[in-house]
Protein chains: 2
Amino acid sequence: MVKAQLEIQPIEEVQSLKSRTYDALKAAIGAMKIYDAGAELRLDERALSLQFGVSRTPLREALAQLEQEGLVRIAPRRGIFIVRKTKAEILEMITVWAALESMAARLATEVASDEEIARLHGLVDTFDSDAIEEHMGEYSDANIRFHAAIIALSGCKLIAEITHGLFTHVRAIRERTIFERDRARRSIVDHKEIIEALETRNGERAERLVREHTLKLRQHVEQFVLLD
Amino acid sequence: MVKAQLEIQPIEEVQSLKSRTYDALKAAIGAMKIYDAGAELRLDERALSLQFGVSRTPLREALAQLEQEGLVRIAPRRGIFIVRKTKAEILEMITVWAALESMAARLATEVASDEEIARLHGLVDTFDSDAIEEHMGEYSDANIRFHAAIIALSGCKLIAEITHGLFTHVRAIRERTIFERDRARRSIVDHKEIIEALETRNGERAERLVREHTLKLRQHVEQFVLLD
DNA sequence: TTTCATTATATGGTATGCCAGAAACCACCG
DNA sequence: CGGTGGTTTCTGGCATACCATATAATGAAA
């Protein structure tokens, strides 16, 4: 049915080539298996400018932003390289994640509505029962969504922003993670406990559970992920 | 005495105009009272390029980085504006700070040496006794150094990096903070407690004290800082 | 005098060309 | 055959010119 009134939609804000190039580059880097042995980490400005169909100027501005964000390193007169994070750096990222998400959980107990918290159940129940093994691939995504949901519940945009930035880096090593099947199951138990703490508005407990849960991940990565 | 062998020293790594412009711009913005009423928030590319004596290209790359960092906003065809953070955003930054520094304190109890922790005393004892009122200006700096020291003790570079970035924004409102004289005194008490928790390797307590201390600051800013 | 359309101008966006440094290549010499 | 010095080439750094759009200025019509 066509509405009687004008369909006003935000004018197609044609973004600048710089920002579009930025997005495209970021996506391309994200989709790349940069930790594989033979991975080509060097970026060629002129080649990229041809591939994207833009001149080097907006491309370079996009690269400058990616450099600021830590995704690439620009070596003057040497080349532009995709940055491989060291294992130590990944561990630090997870540590920061633990700090931020646990704070988010605490905030959530103060500001989130009962309905919002209840909605978390939908993000864990999906993987109840024994179907876990078959959905291991999906588990990781669902896992991420659960944690993102808690952060959203805190209402703190900055925490969401920072953790999202961290995720960009961390997910690149996801494929190098050896998921023992038991981890997913234990994880779900943790998640349910976290939800319960949120529901009972127990800020201290929610914070602690989230922190410990994420620090478990850190330890797991430290033990089982091969890097460097 | 002149040594018999050549004095090799790292060659003066002349930074690119882009990065030098970035530093200069960041410093200039930092030194500016951007929250004053009549503050000129608009930046003129061509004027800046003349003032810095560089062309617009490296200047724009520096601006792109500052935009990524959230210090300026580039409105296509409209202008480049220094970003004023809203009070809500400042509060979020302090919240993140609390989360990260409290995690840093926890880490410090695990990895810092006794000597390193002992050195913290030097950062609070300075303002012992009643000399506080006269040094109110310096207090703020010393305060910052104390917190930075704890973060350094954690050994987590990423926490240091992120909080440093936050500080860039937060210090801009420092001059708008009404410091009741009592706050500094209570602050010192808090600091001493924190040191004690670190010395006794009480991670839980150190984390809690730091969090509560910083959240006090948040509440103080919420109550007494005028913005927007 | 006010308003609206037109024009001018200012400002950021993009493309391009040249420059300098670094690396690769090569020829010459030991 | 290996190493050294010179030359070429490749790549990023920078400057500049031009373009597109937003805004200001201007003037004509109501």
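This is a predicted model: local features need pLDDT of at least 70, side-chain atom pairs count only at pLDDT 80 or more; totals for chains, interfaces and linings use all residues.
In this briefing Ala, Val, Leu, Ile, Met, Phe, Trp, Tyr, Cys and Pro count as nonpolar, Asp, Glu, Lys and Arg as charged, and the others, Gly among them, as polar. On that basis the residues of the surface near DNA strand D divide into 7 nonpolar, 5 polar and 9 charged.

**Surface near DNA strand D**

- DNA strand D is surrounded by 21 residues, of which the closest are Glu45(A), Ser16(B), Leu17(B), Ser55(B) and Thr57(B).
- Two or more residues of this surface come from each of α2 (45-52), α3 (56-69) and β3 (79-82) of chain A, and likewise from each of α1 (17-30) and α3 (56-69) of chain B.
- The element that gives the most to the surface near DNA strand D is α3(B), with 3 residues.

**Surface near DNA strand C**

- Around DNA strand C there are 20 residues, and those that come nearest are Ser16(A), Leu17(A), Ser55(A), Thr57(A) and Glu45(B).
- At least two residues each are supplied to this surface by α1 (17-30) and α3 of chain A, together with α2 (45-52), α3 and β3 (79-82) of chain B.
- With 3 residues, α3(A) gives the most to the surface near DNA strand C, and by class this surface holds 6 nonpolar, 5 polar and 9 charged residues.

**Strand pairing in chain A**

- Strand β1 (residues 42-43) of chain A pairs with β3(A) in the antiparallel sense over 2 bridges, and Leu43(A) stands opposite Ile80(A) of β3(A).
- Strand β2 (residues 72-75) of chain A also runs antiparallel to β3(A), to which it is joined by 4 bridges, and here Val72(A) stands opposite Ile82(A) of β3(A).
- The hairpin formed by β2(A) and β3(A) has 3 residues between its strands, and in this hairpin Arg77(A) takes a positive phi near 60°.

**Contact between chains A and B**

- The two chains meet through 22 residues of chain A that are in contact with 22 residues of chain B.
- On the side of chain A that touches chain B, the elements that give two or more residues are α3, α4 (87-111) and α8 (157-170) of chain A, and α4(A) gives the most, with 8 residues.
- The residues on this side of chain A divide into 12 nonpolar, 4 polar and 6 charged.

How values were computed
Residues are numbered from 1 along each chain as its sequence is written. Chains are lettered from A and ligands numbered from 1 in the order in which they are written. A residue is near a molecule or strand if its C-beta atom, placed from the backbone, lies within 6 Å of it. Two strands pair if DSSP finds at least two bridges between them. Two residues are in contact if their C-beta atoms, placed from the backbone, lie within 7 Å.
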